[in-house]
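My entries follow in the order in which I looked.

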Amino acid sequence: MATSNLVPELKTKVVRGIELPIKKFPNADFYLTSLVPDNFVEHCKYLKEDFIVREDDVYICTYPRSGTNWTHEIVRMLLNGKAEYVELFSFLEILPAERLENMPSPRVFCSHLPYSFLPPKITEKAKLIHVSRNPKDIVVSLHNVFKNISEIGDWKNWYTVSQNEKFDILYEERMKNSSLKYRFT
């Protein structure tokens with residue numbers, strides 16, 4: 001079996017001032033941005049062992065599609081003292097070490113990393129913002145992103161009663177030990 005149809009065509013795209021590799025898969029009708037660096041494991045080790053947390057750092061930690069960019073913009077505007085958009089890409093797990101270290105204070109970082117991957121001094125020195133969103137809305141948002149749907153909708157209009165019931169069972173099972181509670185309306 002030939003593997004050439006599985007190998008993505010590589011291109012680049014500038015996103016917020018950073019040139020990122022874009023992968024076009026021949027059998028798919030979408031592009032994937034490869035945001036995770038090739039040296040991801042080493043980068044995570046650097047974050048845990050060598051990254052220096054500053055007293056005025058702010059870390060916005062979220063699950064993907066939970067309002068990361070909105071929160072980042074609000075925090076940047078509050079810190080700058082003006083309601084002015086600043087195009088800045090600041091994902092902790094994506095930016096190279098040199099760029100992270102050279103960012104001027106106060107630094108605002110976003111991250112989708114699990115808490116155990118974050119720098120150990122983060123809760124002692126910096127400010128940590130955790131954003132949480134209704135998991136059903138996250139699923140709809142992810143669905144829209146991957147299907148390139150531009151129409152916005154809420155989870156009640158996307159899934160059947162049976163699908164909602166299955167989600168509820170899975171959610172209850174996985175979140176039974178969590179103190180987070182959502183009211184699904």
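This is a predicted model: local features need pLDDT of at least 70, side-chain atom pairs count only at pLDDT 80 or more; totals for chains, interfaces and linings use all residues.

**Entry 1: the core**

A nonpolar core here is a set of buried Ala, Val, Leu, Ile, Met, Phe, Trp, Tyr and Cys residues joined through side-chain atoms within 4.5 Å, and buried means under 20% relative accessible area, exposed over 50% and partly exposed in between, with a 1.4 Å probe and protein chains only.

Residues are numbered from 1 along each chain as its sequence is written, and side-chain values use heavy atoms, with hydrogens and water left out.

I then followed Phe51, which touches Tyr46, Tyr59, Leu92, Leu100, Arg107, Phe109 and Pro119, leaving aside residues up to four places away in sequence; contact means heavy atoms within 4.5 Å.

**Entry 2: the sheet**

In what order do the 3 strands of the open sheet lie? The order is S5-S4-S6, with parallel pairing, and the edge strands, each pairing on one side only, are S5 (108–111) and S6 (127–131). Two strands pair if DSSP finds at least two bridges between them; strand S4 (residues 58–62) is joined to S5 by 4 bridges and to S6 by 5 bridges. I found Ile60 opposite Cys110 in S5, and Tyr59 opposite Leu128 in S6.

Is S4 enclosed or exposed? I noted that 5 of the 5 residues of S4 are buried, so this strand is largely enclosed by the rest of the structure. Val58, Ile60 and Thr62 point one way from S4, whereas Tyr59 and Cys61 point the other way.

**Entry 3: helix H1**

The buried residues of helix H1 (residues 40–49) are His43, Cys44, Tyr46 and Leu47. Seen down the axis of H1, these residues fall within an arc of 155°, so they line one face of the helix; the arc is that of the directions from the helix axis to the C-beta atoms. On the other side of H1, I found Val41, Lys45 and Glu49 exposed. What covers the buried residues of H1 includes helix H3 (97–102).

**Entry 4: the cysteines**

How many disulfides does the structure hold? I counted 0 disulfides, a disulfide being a pair of cysteine sulfur atoms within 2.5 Å. Cys110 is in no disulfide, and the nearest cysteine sulfur, that of Cys61, is 8.7 Å away. Cys110 is buried, with a relative accessible area of 2%, and Cys44 is buried as well, with a relative accessible area of 9%.

Conventions. Helices (H or I, at least four residues) and strands (E, at least two) are DSSP runs, numbered from the N terminus.
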